[in-house]
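Please look through the sequence and the structure shown here before reading on. The report is meant to be read alongside them.

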Amino acid sequence: MLSKKRYYSENLKIALPIVLSFAGQSVVQMLDTIMVGHLGKDELGAVAFASAIIINVMVVGIGISISLTPLTGQAFATGAFKKAAGFFQNSLMLNSYTGAILTGILLLLFPFLKYMGQPEEVIVHVESYYIITTVSLIPLLIFLSFKQFMEGIGNTKAAMVITISCNVVNVLLNYILIYGKFGALALGVAGAAIATLIARLIMPIAFFVYMYNTHPFNRFFAFFKKENLSLRLQIYLLKIGSPIAGQMVL
């Protein structure tokens, strides 16, 4: 039996990186809002308005991705590494589909933004930020497959480090692209969106490179086979993740 002190310290050790990495998903839009705010009230309003819509759709994908963690944890705890890898592989496929679908939904909503009570001077700044940030949901959800898998097998620090590092990259790119520093064009609101897209593209790539070059995590890729892709398994992941997504949206 663990002592109470050790029990709480072990839980905090595992949980704190999860808290920080989850917070990092929302911090991106907040940082964009803060840095774009220096351009003026219309630009600030545009980013805040677009972010409010995107985040409410983004949490659907986050909720669906969480289904991977308990399934992976259960398989890993029993030594069923091939089964855990199968969940991981199918989650990558499911999250890719989900990212594309959510992106499509947000793009279909775009023509209706002008009817949501925002002044015209705000709407004119919304387009580039909204569209580019919407597209960034696809690499973000792919990253979440890596994150939830690693957390399922007990490694919560990798996602935290990658999330925080890419947030730093996002801030630096914001500074360069929004304000036109170091010889770059001053892109304003569009610069914030491009910075977010680049940072989110780096996240799954960085996670893959880390896992592929780190033992024992790289062994799971050896189980990746085309025949392991299963629509039934993807529907099962979706079935578990949908109530989580619904709860998060509410």
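This is a predicted model: local features need pLDDT of at least 70, side-chain atom pairs count only at pLDDT 80 or more; totals for chains, interfaces and linings use all residues.

## Helix 4 and its two partners

Helix 4, which covers residues 81–109, meets helix 3, residues 68–77, with the two axes coming within 7 Å and crossing at roughly 165 degrees. Because an angle over 145 degrees counts as roughly antiparallel, helix 3 is described as roughly antiparallel to helix 4. The crossing of these two helices is left-handed. On the side of helix 3 the contact is made by Leu68, Leu71, Thr72, Ala75 and Phe76, while helix 4 brings Phe81, Lys83, Ala84, Phe87, Phe88 and Ser91 to it. Sorted by class, the residues in the contact of helix 3 with helix 4 are eight nonpolar, two polar and one charged.

Helix 4 also packs with helix 2, residues 41–66, at an angle of about 160 degrees and with the axes 10 Å apart. This angle makes helix 2, too, roughly antiparallel to helix 4, but here the crossing is right-handed. Helix 2 contributes Ile53, Ile54, Val57, Val60, Gly61, Ile64 and Ser65 to the contact, and helix 4 contributes Leu94, Asn95, Thr98, Leu102 and Leu106. In the contact of helix 2 with helix 4 there are eight nonpolar and four polar residues, with no charged ones.

## Lys82 in helix 4

Is Lys82 buried or exposed? Lys82, which is found in helix 4, counts as exposed because its relative accessibility is 54%, and the cut-off for that class is over 50%. Along the chain Lys82 and Asn228 are 146 residues apart, yet the distance between their C-alpha atoms is 9.8 Å.

## Helices 5 and 6

Helix 5, residues 120–135, packs with helix 6 at an angle of about 30 degrees, the axes being 4 Å apart. Since angles under 35 degrees count as roughly parallel, helix 5 is classed as roughly parallel to helix 6. The residues that make this contact are Thr133, Thr134 and Val135 from helix 5, together with Leu137, Ile138 and Pro139 from helix 6. By class, the contact of helix 5 with helix 6 consists of four nonpolar and two polar residues, and no charged residue takes part.

## Gln148 in helix 6

Gln148 lies in helix 6, which spans residues 137–152. With a relative accessibility of 3%, Gln148 counts as buried, because that class takes in values under 20%. The side chain of Gln148 makes a polar contact, at 3.1 Å, with the side chain of Lys147. If residues up to four places away in sequence are left out, Gln148 touches Phe22, Ser65, Ile66, Leu68 and Thr69. Among these, Ser65 also belongs to the contact of helix 2 with helix 4, and Leu68 to the contact of helix 3 with helix 4.

## Thr33 and its contacts

Thr33 is located in helix 1, residues 4–36. When neighbours within four places in sequence are set aside, the residues in contact with Thr33 are Leu44, Val47, Ala48 and Ser51. For one of them, Ala48, the separation along the chain is 15 residues, and the C-alpha atoms of Thr33 and Ala48 are 6.1 Å apart.

Ile176 sits in helix 7, residues 157–179, and is partly exposed, its relative accessible area being 23%. Although Ile176 and Ile142 are separated by 34 residues in sequence, their C-alpha atoms lie 26 Å apart in space. Beyond the residues up to four places away in sequence, Ile176 touches Lys181, Phe182, Ala184 and Leu185.

Phe182, one of these contacts of Ile176, is placed in the loop between helix 7 and helix 8. Phe182 is exposed, with a relative accessible area of 72%. Its backbone has a positive phi of about 55 degrees, although Phe182 is not a glycine.

## A cis peptide bond

Which two residues are joined by a cis peptide bond? The bond lies between His215 and Pro216, and its omega is about 10 degrees. Pro216 is found in the loop that runs between helix 8, residues 189–212, and helix 9, residues 231–249.

How values were computed: Residues are numbered from 1 along each chain as its sequence is written. Side-chain values use heavy atoms; hydrogens and water are left out. Buried means under 20% relative accessible area, exposed over 50%, partly exposed in between (1.4 Å probe, protein chains only). A polar contact is a pair of N or O atoms within 3.5 Å; within protein, one must be able to donate a hydrogen and the other to accept it, and residues adjacent in sequence count only if both atoms are side-chain atoms. Contact means heavy atoms within 4.5 Å. Axes are lines fitted to C-alpha atoms, for helices over the stretch in contact, and angles run from 0 to 180 degrees between N-to-C directions. Angles under 35 degrees count as roughly parallel, over 145 as roughly antiparallel, 65 to 115 as roughly perpendicular and the rest as oblique. A crossing is left-handed if the near helix is turned anticlockwise from the far one by less than a right angle, and right-handed if clockwise. Ala, Val, Leu, Ile, Met, Phe, Trp, Tyr, Cys and Pro count as nonpolar, Asp, Glu, Lys and Arg as charged, and the others, Gly among them, as polar.
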